[in-house]
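Subject: Structure handover

Hello,

Here is the structure I promised you. Please open it and keep it on screen while you read my notes below.

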Number of protein chains: 2
Amino acid sequence: MARTAGSTGADTVERLREAALELFAREGYAAVSMRAIAARTGVQAGAIYNYFPTKQDILFDLLVGHMEALATAWREMERLSTAEIRLADFVRFHVRYHLVRPREMFISYMELRSLEEDNFRRIREFRRGYEAIPRQMIEQGMAKGAFDVLDAEVTTRAIIALLNGLTTWYREDGRLSLGEIETVYIGLVSRMVGAREEEGNV
Amino acid sequence: MARTAGSTGADTVERLREAALELFAREGYAAVSMRAIAARTGVQAGAIYNYFPTKQDILFDLLVGHMEALATAWREMERLSTAEIRLADFVRFHVRYHLVRPREMFISYMELRSLEEDNFRRIREFRRGYEAIPRQMIEQGMAKGAFDVLDAEVTTRAIIALLNGLTTWYREDGRLSLGEIETVYIGLVSRMVGAREEEGNV
DNA sequence: GAGTTAATTGAACAATTGTTTAATTCTAGC
DNA sequence: GCTAGAATTAAACAATTGTTCAATTAACTC
């Protein structure tokens with residue numbers, strides 16, 4: 001046998017991405033075999049190599065894609081305003097964006113260690129750029145006296161950890177809606193940075 | 001060849017634990033082979049099976065050991081007091097305990113998915129018990145009017161995520177000392193729960 | 001409808017995996 | 001100094017791993 005009826009490359013590569021994303025998120029990169037990804041796509045293992053040179057390239061492709069889409073999405077919706085409002089915007093954006101893409105979020109911070117040297121460095125750069133966004137807001141808010149923070153670096157990292165921690169417990173069918181979780185998180189972050197007026201940050 | 005000079009079982013099993021802990025933390029359970037653990041211990045792969053029936057049992061042994069030691073350590077140092085002080089105590093304890101054992105902390109929340117069904121359930125129970133500690137403090141503080149919290153569950157989970165996130169960025173040779181990080185974290189958590197008097201929680 | 005290209009199979013590769021077992025050497029107790 | 005048991009090696013097992021490639025079939029072009 002060979003080419004199967006109705007198969008097109010663009011379709012197959014997309015189904016491969018989806019299968020790999022699901023499996024990497026659920027089992028972890030190292031525990032997933034090329035045959036498992038192929039089986040889930042309804043294809044033989046050899047076919048994968050028409051689209052990705054190695055297993056590592058699948059992971060890297062997923063992570064780059066996620067980070068680029070994330071950065072683009074933020075750029076498209078960010079607005080100029082005070083540090084308080086911009087930080088609240090960022091929290092809302094981050095929560096909303098990731099809760100709709102839990103698998104991407106999960107692998108993008110769980111599978112960093114599965115990346116080879118060069119790939120790791122590139123993804124790390126992406127992350128640094130993204131994490132610089134809240135950091136700058138906090139520093140700006142401090143400079144203008146709108147925030148009261150003991151240590152900008154630790155506070156930023158704590159906020160990022162708190163945001164990323166969402167993946168470990170959020171369930172779509174949970175008690176709270178996405179909007180309610182956003183509200184709670186915005187309130188928490190607002191307190192963490194010691195924003196002057198606790199309410200009214202829209 | 002066979003038994004090597006100066007070898008005792010108690011010593012070997014401890015070195016095996018240490019090797020497995022280091023490798024699991026660095027590479028991930030699935031990416032570590034029995035031969036890699038053996039090599040790091042200075043022993044052949046077959047020797048491991050005198051102490052652990054399977055690879056899975058090594059991971060489980062490490063996780064159970066960590067969770068039990070963690071719970072014991074907290075019980076030994078906890079004291080009766082107000083919710084504010086007890087929560088600050090807990091944060092300080094958690095930060096200090098884990099920053100001295102980054103590898104245990106790392107695998108105990110990164111490798112949960114590598115556990116087989118039954119083992120996973122047992123470790124999850126341990127975790128639930130431990131995470132109930134801050135949750136109860138928060139609920140108690142709310143009931144007494146000492147805390148002002150929008151949602152107890154989400155706030156608890158956010159605090160736990162923030163605490164666990166330490167592993168992803170803490171470095172022993174970093175800018176801040178363990179004590180300074182503790183102080184910042186206690187302040188952050190205190191704000192998150194809306195503790196009435198922000199300072200003076202010792 | 002013939003010829004070209006795109007897409008896939010299926011078998012094969014060597015390497016590595018977790019685990020078992022018989023043989024061997026060391027240590028401890030008498 | 002002998003012996004029993006503890007500790008380990010080294011070889012072997014079948015299964016699985018990532019990857020390659022010639023053969024084969026489907027879709028597209030003219």
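In chain A, the centres of domain 1 and domain 2 are 27 Å apart, taken over C-alpha atoms. Keep in mind that this is a predicted model. Domain 1 of chain A covers residues 8–52, and domain 2 of chain A covers residues 55–192. The two domains do touch: ten residues of domain 1 of chain A are in contact with twelve residues of domain 2 of chain A. Look at helix 1 of chain A, residues 9–27. Helix 1 of chain A gives the largest share of domain 1's side of this contact, six residues. By class, that side of domain 1 of chain A has eight nonpolar residues, two charged residues and no polar ones.

Next, the two chains. How many residues does each chain bring to the contact between them? Chain A brings 25 residues, and chain B brings 25 residues. On the chain B side, three helices each supply at least two residues: helix 8 (152–164), helix 9 (166–169) and helix 10 (178–192). Helix 8 of chain B gives the most, with seven residues. By class, the side of chain B that touches chain A has 14 nonpolar, seven polar and four charged residues.

Now the symmetry. In general, two copies of a chain are related by a rotation about an axis and a shift along it. The same surface serves both copies, as 100% of the contact residues of chain B recur in chain A.

Last, a helix pair inside chain B. Find helix 4 (residues 55–77) and helix 6 (residues 102–110) of chain B. Their axes come within 10 Å and cross at roughly 115 degrees. Helix 4 and helix 6 of chain B are therefore roughly perpendicular to each other. The crossing of helix 4 of chain B with helix 6 of chain B is left-handed. From helix 4 of chain B come Leu62(B), Leu63(B), His66(B) and Met67(B); they meet Glu104(B), Ile107(B) and Ser108(B) of helix 6 of chain B. The residues of this contact divide into four nonpolar, two polar and one charged.

Best wishes

Conventions. Residues numbered from 1 in each chain as written. Chains lettered and ligands numbered in written order. Predicted model: local features only at pLDDT ≥ 70, side-chain atom pairs only at ≥ 80, totals over all residues. Contact = placed C-beta atoms within 7 Å. Helix = DSSP H or I, 4+ residues; strand = E, 2+ residues; numbered from the N terminus. Nonpolar A, V, L, I, M, F, W, Y, C, P; charged D, E, K, R; others polar. Axes fitted to C-alpha atoms, helices over the stretch in contact; angles between N-to-C directions. Parallel < 35°, antiparallel > 145°, perpendicular 65-115°, else oblique. Left-handed = near helix turned anticlockwise from the far one by under 90°. Domains from an automatic or database assignment.
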